[in-house]
Amino acid sequence: MPSQTVSQDDAETAVRTLILWAGDDPDREGLIETPGRVARSYRELFAGYENDPRAYLERTFEEVGGYDELVVLSGIRVVSFCEHHMLPVLGKAHVGYLPTNRVVGISKLARVVQGFARRLQIQEKLTAEIAGAIDEVLEPKGVGVVIEAEHSCMTLRGVNNPGAFLTTSRLTGVIRDDARTRQEFLRLARGE
Ligand SMILES: [Zn+2]
């Protein structure tokens, strides 16, 4: 990761420049506080650079009482930004795994999604990164990640196609290779 050498002031100046460039007056009353607000919002929306999301998965529970079925958390809110236009990518992630002998608190799965999403991303890479982190840290028998998202760069501008969703998936291990497990994951991911 590149080191943080840009100050809050530098970021605010950049937003001010964009306001001027758009054709407005950054000194008028309604806009005077805007560069500060934008920089603070971006700090929150790009908070994924501050942590390694794998760290959320490191506290696991080994007493699973013989549980050896799929664990699936569906409908996790995805708020990300496309790296090509810096416009929002909004959607849902469905994440599951088949544990070996370790499980993780379910809120941690959502945090992993959020940690990788709050960066400049492409959806394909985001999907693979979430699956890769779960695979690496929990070493389950298989991982499944499906993301469905609307890309503002396509729905608000350009081809202007509202309602178009991009679906990406990454399946590993038995969730990829065993047809029954895969179908079970996809059924639970759809919330059925
Ligand atoms: Zn884009």
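What follows is a short chat about the predicted model above.

Me: What should I know about this model before I start?
Reply: This is a predicted model, where local features need pLDDT of at least 70, side-chain atom pairs count only at pLDDT 80 or more, and totals for chains, interfaces and linings use all residues. Residues are numbered from 1 along each chain as its sequence is written, and side-chain values use heavy atoms, with hydrogens and water left out.

Me: How many helices and strands does the protein have?
Reply: Seven helices and seven strands. Both are DSSP runs, numbered from the N terminus: helices are H or I with at least four residues, strands are E with at least two.

Me: What pattern do they follow along the sequence?
Reply: The pattern reads α-α-β-β-β-β-α-β-α-β-α-β-α-α.

Me: And what box do the C-alpha atoms fill?
Reply: Roughly 65 × 35 × 25 Å, taken along the principal axes.

Me: Now the metal. Which residues coordinate the zinc ion?
Reply: Cys82 through SG, His85 through ND1 and Cys153 through SG, at 2.2 to 2.3 Å. Donors here are N, O and S atoms within 2.8 Å of the metal (3.2 Å for Na, K and Ca). Water is not among the atoms, so sites may look incomplete.

Me: What spacing do the donors follow along the chain?
Reply: C-x2-H-x67-C. Cys82 lies in strand β2 (residues 71-82) and Cys153 in helix α5 (residues 152-155), so the pair ties together parts that are 71 residues apart in sequence.

Me: Is Cys82 buried or exposed?
Reply: Cys82 is buried, at 4% relative accessibility. Buried means under 20% relative accessible area, exposed means over 50%, and partly exposed is in between (1.4 Å probe, protein chains only).

Me: And Cys153, buried or exposed?
Reply: Cys153 also counts as buried, at 14% relative accessibility.

Me: What share of the protein's residues is buried?
Reply: Buried residues make up 37% of the 192.

Me: What follows α1?
Reply: Gly23, with a positive phi near 115 degrees.

Me: How far apart are the end C-alpha atoms of α1?
Reply: They are 21 Å apart. Helix α1 (residues 8-22) has 15 residues and at 1.5 Å a residue should span 21 Å, which agrees. The expected span is 1.5 Å times one less than the number of residues.

Me: Switching to Phe116. Where is it found?
Reply: In helix α3 (residues 106-117). Phe116 is buried, with a relative accessible area of 3%.

Me: Which residues does Phe116 touch?
Reply: Pro53, Arg54, Gln121, Leu126, Glu129, Ile130 and Ala133, not counting residues up to four places away in sequence. Contact means heavy atoms within 4.5 Å.

Me: How far is Phe116 from Val159?
Reply: Their C-alpha atoms are separated by 27 Å, and the two are 43 residues apart along the chain.

Me: Last one. How many contacts join residues at least 24 apart?
Reply: 67%, among contacts between residues at least 6 apart in sequence.
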